[in-house]
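Try each task before you read its solution.

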Amino acid sequence: HIYSSKSTPPPSTEQSPHKEAPTMKLSSSFSIGILISPWLVAATLAAVNFPFAPRVLPHHTSRVYSSSLDVNNNAAAKHALAYTLMQQRGGSTATSAPSNEDFTNELPSFSESDNEGHLEIAKKLKNRNATNLSRKITHAAFGIFFACLNQFIPHAKFMPLMYGITGSSLIIELLRYRKGFGWINTVLHFFLGGALRKHEMEGKFTGSFYYFAGVTVSAYLFPQTAATMGICQLALADPSASFFGRRTRHIYWSRIEGQLGGIGRNKGLLGFLGGALFCFPFNCRVFKIAKWGAGGIPGGNGSLIMVSLLLGMAGAFADLAVPTPALVMPKKILGVPVPPFHVDDNFVVPIFSGWACTKIFEYVGWDQGLKLAEHIIL
């Protein structure tokens, strides 16, 4: 700052830290509180089941129907099945198996709209083993979109936006399997269509919640460029690694079953290499036209190639490390019910890639405050 002769002289360096520290501490605590508040709300709703009663999915009852056919009208078996069903609904306090009349009365009924909300929609969707190009294109488009937002919008405005999107997505996921909110599934299917997977309409959260959460945490933890590049790896490495992995799943030597303690289960090394190489030209282009200043790229083209390749490998490795099927949290922790969270690559990839970007920059001597081109790749 430049002060005129009439202006008040600036405070001494000994006093300024004491005056600024409370503001910085308050700002940091407020940001952390905003970041974790959706998770606290989710845990509270799951624990008390209030104000919405938990919903029994139709495929749960279909298992009871099929089991009852197998016991050939055995009365004792039917009583046991009815008792199990009542326990699943969470509203029974009976200490003994109910009668035949109880069995008939306790079977839940579902309207056509309920079935259309998730069970019927699930029948139209592909499982995780399908290539599903529409999902991969949607995945990449959303990633590039959020990377651009992180680049164009000031951080002070981008973070509240992502807090709101992530929190809203979590609330939707908690509600759409509860009684009276089946219409949410119909709306999701209308807008996303075949981009959804079968398991996302059978009791699991959609990948969109973890996607938004991964973008939010990355933007919060890392410098702007590292966060943007981490989100770009999510957009490109994740779907491309999945695509190449499925195309090469018949090459058995490349497959990872259970040899690494569950890491990368049911994924392949060739998918990992395909994802890393797919990101390489994009990363090269982004870093080559970044705002380096008069000095140019530190280390020249060799450094550019190494950083681009290592960053692509980081994104592909993060995707590889998440096993399939995903690791799911227990239904209860210390006796308290929790939402059905699981380890999702949409959450892991941007965070690990953003962290890796900062370490790669540090290793090659690049500035963490490097600014990308105005339109990232243009």
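Leu 277 is exposed, with a relative accessible area of 56% (exposed means over 50%, buried under 20%, partly exposed in between, with a 1.4 Å probe and protein chains only). The model is predicted, so to speak with care, local features need pLDDT of at least 70, side-chain atom pairs count only at pLDDT 80 or more, and totals for chains, interfaces and linings use all residues. Residues are numbered from 1 along each chain as its sequence is written, and side-chain values use heavy atoms, leaving out hydrogens and water.

**Exercise 1.** Find the helix that holds Leu 277.

*Solution.* Look at helix α12, residues 269–288. Helices here are DSSP runs of H or I with at least four residues, strands are E runs of at least two, and both are numbered from the N terminus.

**Exercise 2.** Work out how Asp 319 and Lys 267 are linked.

*Solution.* Start with the atoms: the closest N and O are 3.9 Å apart, making a salt bridge (a side-chain nitrogen of Lys or Arg within 4 Å of a carboxyl oxygen of Asp or Glu).

**Exercise 3.** Describe the pair Lys 359 and Glu 362.

*Solution.* They form a salt bridge, with the closest N and O atoms 4.0 Å apart. Both lie in helix α14, three residues apart, so about one helical turn separates them. Lys 359 is partly exposed at 40%, while Glu 362 is exposed at 57%.
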